[in-house]
Amino acid sequence: MQSATAVGIVSTGKALPVSRVTNFDLENIVDTSDKWIRERTGIEERYILSNDETNSKLSLTASKIALDKAGLKPKDIDLIIVATVTPDMIFPSTACLIQSELNACNAAAFDLAAGCTGFLYGLNVAEQYIKTGAAKNVLLVGADTLSPVIDWQDRNTCVLFGDGAGAVILSEVERGRGLMASKLFSDGSKAGLLYVPAGGSRAPATVRTVEERMHYIKMNGPEVFKFAVTVMIDSTKEILNLCEKKPEDLDYLIPHQANVRIINAASKRLRLKPEQVLLNIQRYGNMSSASIPVVLDEAVEEGKIKPGNLIALVSFGAGLTWGAALLKW
Ligand code: ACO
């Protein structure tokens, strides 16, 4: 899969809300226990928006860190993509809000909605822009703040999610490095497995939609679970096959951090060793589009990821959507 231009991630950044919420804190809100949450999901704590924190503010902080690390100025960015399903507002896009705050005066800006697969969709789009010469430097943010759309009375969902943002800068890199392949998938017939019924143009906010709790996430957990295990395995295999690689060739798999049991089931079937699989779900819960870029940022900062490492990214989410990417660091 060699192409004339190699596109890679040249820097990373992350931002989290200030407020840390443990499983024990949740025991005071719904009928749950630290034991149940840890055993059934792997989550121990998560960060949740408070005071005046917003998606765009987290995205901005993560973006500034990534820009600094890349040694770029905001004016060097041609395109800003924010992968999110929880923008500050229906419109304008969160990407435009960041563009203004950064004074990235040369950048086009838009949001991209692909559920928890948003970061991988963004990676694929950014790659096309750079490969075709339409952009030189792309700022891609994966940011989600699901806490305002979580039903804090529903123990099936409220224990799972956390808020956060991860940012990367994509630019041309030397041949043989960067993104080797990426594949995206969707199946809209499964939209009803994970959705927020109201708040869009189909069911705008009314007294009834509020009373019926229609502005909150509805999820068929067991069905999403089964689907996730299958597509995580299949799309990881597919991306490796495309590049004539095998699971044992991977230095790291960075899976979407939704449930440690999903990750363990998929890793086992792929015959991956535990040290090949990067996890931070215990500290952050499911941060949707932010999950993968935050794991990536931490692994780079900790010195785990080194130049030349072969890394697979794989995710699934609302839509339903799923996808995978393979990159050489
Ligand atoms: N505390 C205590 N008990 C609970 C809790 C809780 N927080 N949540 C559910 N239970 C109970 C259920 O009510 C049920 O009780 P019952 O048997 O008396 O009815 C029991 O636990 C078992 O419920 P299951 O749904 O079978 O539990 P399961 O082991 O499947 O775990 C979970 C549920 C964690 C939701 C799992 O199905 C899952 O992780 N699914 C995938 C969800 C996911 O990844 N969503 C994100 C998609 S990505 C995106 O785009 C946002």
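This is a predicted model: local features need pLDDT of at least 70, side-chain atom pairs count only at pLDDT 80 or more; totals for chains, interfaces and linings use all residues.
Which residues of α11 are buried? The legends below answer this and describe further views.

View 1. Residues are numbered from 1 along each chain as its sequence is written, and side-chain values use heavy atoms, with hydrogens and water left out. Helix α11 covers residues 291–301, and nine of its eleven residues are buried (under 20% relative accessible area, with a 1.4 Å probe and protein chains only). The buried residues are S291, I292, P293, V294, V295, L296, D297, E298 and A299. After α11 comes G303, which has a positive phi, near 80°.

**View 2. The whole protein chain.** The protein chain contains eleven helices and 13 strands; these are DSSP runs, helices being H or I of at least four residues and strands E of at least two, numbered from the N terminus. The chain is as compact as a globular protein of 329 residues, because its radius of gyration of 19 Å is close to the 20 Å that the globule rule gives for that length. The radius is taken over C-alpha atoms, and the rule is 2.2 Å times the number of residues to the power 0.38. The C-alpha trace spans about 55 × 45 × 35 Å along its principal axes. Of the 329 residues, 54% count as buried.

**View 3. The shell around the ligand.** There are 26 residues around the ligand, and T32, R40, C116, N259 and R261 come nearest; a residue belongs here if one of its heavy atoms lies within 4 Å of the ligand. The shell draws at least three residues from each of domain 1 (6–175) and domain 2 (180–328), with bounds from an automatic or database domain assignment. Helix α8 (221–242) is among the elements that each supply at least two residues, and its four residues form the largest share. By type, the shell holds 14 nonpolar, eight polar and four charged residues (nonpolar: Ala, Val, Leu, Ile, Met, Phe, Trp, Tyr, Cys and Pro; charged: Asp, Glu, Lys and Arg; polar: the others, Gly among them).

View 4. A polar contact is a pair of N or O atoms within 3.5 Å. A backbone N or O atom of R155 lies 2.9 Å from a ligand nitrogen atom, and one of A318 lies 3.0 Å from a ligand oxygen atom. The protein buries 74% of the 1,000 Å² that the ligand exposes when taken alone.

Definitions and conventions. A polar contact is a pair of N or O atoms within 3.5 Å; within protein, one must be able to donate a hydrogen and the other to accept it, and residues adjacent in sequence count only if both atoms are side-chain atoms. Accessible areas come from the Shrake-Rupley method with a 1.4 Å probe; for residues, only the protein chains shown count as cover. Buried means under 20% relative accessible area, exposed over 50%, partly exposed in between (1.4 Å probe, protein chains only).
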